[in-house]
Amino acid sequence: MSANTTFVSIGDLKKGRQAVSEVVETGGGCGTTGGSGKSSCGSSGGPDDMPAEIWDKVKNHPCYSEEAHHHYARMHVAVAPACNIQCNYCNRKYDCSNESRPGVVSQKLTPEQAVKKVLAVASEIPQMTVLGIAGPGDSLANPKKTFDTMRMLHEQAPDIKLCLSTNGLALPDQVDEICKYNIDHVTITINMVDPEVGAKIYPWIFWDHRRVTGVEAARILHERQMLGLEMLTARGVLTKINSVLIPGINDEHLIEVNREVKKRGAFLHNIMPLISEAEHGTVFGLTGQRGPTAQELKAVQDACMGGANLMRHCRQCRADAVGLLGEDRSEEFTLDKIEEMEVVYDLDKRKAYQDQVEAERQAQVAAKADALAAAANDDGVDPDMKVLVAVATEGHGKVNQHFGHATEFQIFEVSQAQALFVGHRRVDLYCQGGYGEDEQLPSIVKAINDCHAVLVAKIGACPRDELAAAGIEPVDAYAHEFIEKAALSWFSGYRQRIASGELVHQPRGDAQIRQGAFTGTAEAAA
Ligand code: CLF
Ligand code: SF4
């Protein structure tokens with residue numbers, strides 16, 4: 001079978017999950033690094049799941065806490081243009097694909113411009129709590145620009161958490177600098193722990209003043225990644241591992257990656273789909289290497305459960321992203337616009353606003369707990385039934401977006417025991433300048449085709465009918481309610497309709513992960 005058609009079966013993945021569980025029983029990981037004996041601290045964890053000092057680091061970091069990502073924003077500054085390796089899914093005309101959606105070009109900044117931009121965003125978006133450096137090349141292949149930026153921010157904006165992302169090659173040499181500026185969150189992209197697999201992903205690295213190729217290059221990269229991860233864990237820095245899922249190359253192998261990074265203390269594992277368009281001009285794009293479907297991605301993520309904790313809410317942002325993870329406000333903060341802004345970095349005002357955000361977040365947590373308690377009754381329907389629902393939201397943890405204004409849908413897996421965020425699906429805007437664009441509907445249906453319902457604040461008659469005809473129930477009865485409560489309430493009603501014989505539960509199909517560029521933006525919907 002070719003690399004493009006081979007894919008690990010769900011049965012094989014389940015065997016792999018068993019292997020992961022065996023290792024986890026004896027292995028280390030974040031539960032053993034925090035020192036309190038508490039053991040579960042994934043992105044969906046809360047204060048009861050982890051030591052207080054770890055919760056303090058993750059509670060308002062939108063990437064490290066799924067709950068936080070509904071309420072808190074991050075921003076990136078594109079100060080790091082150079083890279084020291086080549087990945088087959090990257091074209092260096094664009095931003096680093098390890099933390100960015102392929103095919104995007106960011107506006108490069110000097111460290112001084114970057115600091116000015118961060119202060120401007122912090123004064124306009126008080127819930128912006130994290131500054132990340134994620135390109136457009138590799139942050140640590142540009143150490144002076146990266147650490148100059150971090151040093152100035154450490155001094156001038158002490159309430160903002162600092163975060164960076166790297167391919168790991170230069171990491172062991174930079175751990176002291178990382179700790180010097182209190183950079184508490186570091187992402188390493190690790191796609192393999194076997195250099196033979198790595199040779200299919202990395203054609204070369206630049207190491208020790210020369211270009212190294214093949215298995216030797218992948219071996220050096222692997223050793224540097226593992227060493228860097230161990231050093232960060234030893235220094236108490238929280239680490240997230242990004243892995244790009246490449247069907248036929250590292251799909252099964254990511255279970256082993258998960259196990260190895262867990263052993264070395266990784267806090268989170270973020271398995272992202274390969275985005276591989278020929279128009280991006282990458283090696284994989286040009287050779288026809290496909291990305292995974294939504295259900296293939298979910299199968300690998302599910303198989304890794306029980307190992308290193310999973311992040312499933314990554315949006316593969318751009319190197320100059322600004323805003324909540326699902327939105328992009330970078331256009332509001334270009335250099336010329338910042339020049340005209342009155343920048344007032346007011347710590348007290350930021351804190352007061354964040355206190356309000358925290359109160360809203362606690363209300364969401366309480367609503368979820370109440371809804372779960374109400375859902376746990378014996379209604380005669382299969383107690384293990386799980387379905388996916390899509391949600392249109394513009395933040396605050398609520399079902400508060402019109403179907404036609406959604407550029408993504410959040411996906412929740414709902415059962416009587418939980419409403420769990422399991423991913424998102426990007427779509428083209430349905431509503432274009434006040435009227436519905438019916439040509440977009442088939443692509444939206446394909447993106448959420450594995451869902452039983454879509455929860456929205458409002459929806460027009462035409463998309464309502466087409467969704468229903470495709471077997472996806474449009475639901476606007478929970479407008480402006482908290483998402484988990486809405487999803488659980490809808491699910492209880494769905495079960496009641498099955499119990500009464502009003503409907504028969506049918507399994508859904510697979511869904512597509514959006515590959516190409518977008519034809520609509522959030523601004524266009526406003
Ligand atoms: Fe940025 Fe990355 Fe820090 Fe987050 S992003 S450097 S950890 S602040 Fe987040 Fe964006 Fe996914 Fe990255 S959603 S691409 S995981
Ligand atoms: Fe591209 Fe990032 Fe890989 Fe460098 S590390 S080649 S910038 S994806």
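I am working with a predicted model, and I began with T129, which I found in strand β3, spanning residues 128-133. I count T129 as buried because its relative accessibility is 2%, under the 20% cut-off. Leaving out residues up to four places away in sequence, I listed its contacts as N60, P62, Y72, A73, D159, I160, K161, R350 and Q354.

I then turned to M128, which, with the same exclusion of residues up to four places away in sequence, touches A73, R74, M75, V118, V121, A122, I160, R350 and Q354. M128 is also among the residues with the most contacts inside the largest nonpolar core, which has 62 residues, the others being V77, L131, I178 and I183. Helix α4, residues 111-124, gives this core its largest share, seven residues. I noted as well a second, separate core of 33 residues that includes I85, I201, L274 and L325.

Next I looked up the surroundings of ligand 2, where the shell includes C83, I85, Q86, C87, Y89 and C90, and I recorded that its residues divide into six nonpolar, five polar and one charged.

F403 counts as buried at 1% relative accessibility, and F409 is buried with a relative accessible area of 1%. I also noted that the charged end of R211 sits over the ring of W204, 3.9 Å from its centre, and that K398 lies over the face of F482, at 5.0 Å from the ring centre.

Terms used
Residues numbered from 1 in each chain as written. Chains lettered and ligands numbered in written order. Predicted model: local features only at pLDDT ≥ 70, side-chain atom pairs only at ≥ 80, totals over all residues. Heavy atoms only, no water. Core = buried A, V, L, I, M, F, W, Y, C linked by side-chain atoms within 4.5 Å. Buried < 20%, exposed > 50% of the residue type's maximum accessible area, 1.4 Å probe, protein only. Helix = DSSP H or I, 4+ residues; strand = E, 2+ residues; numbered from the N terminus. Contact = heavy atoms within 4.5 Å. Near = heavy atom within 4 Å. Nonpolar A, V, L, I, M, F, W, Y, C, P; charged D, E, K, R; others polar. Lys NZ or Arg CZ within 6 Å of the ring centre and 35° of its normal.
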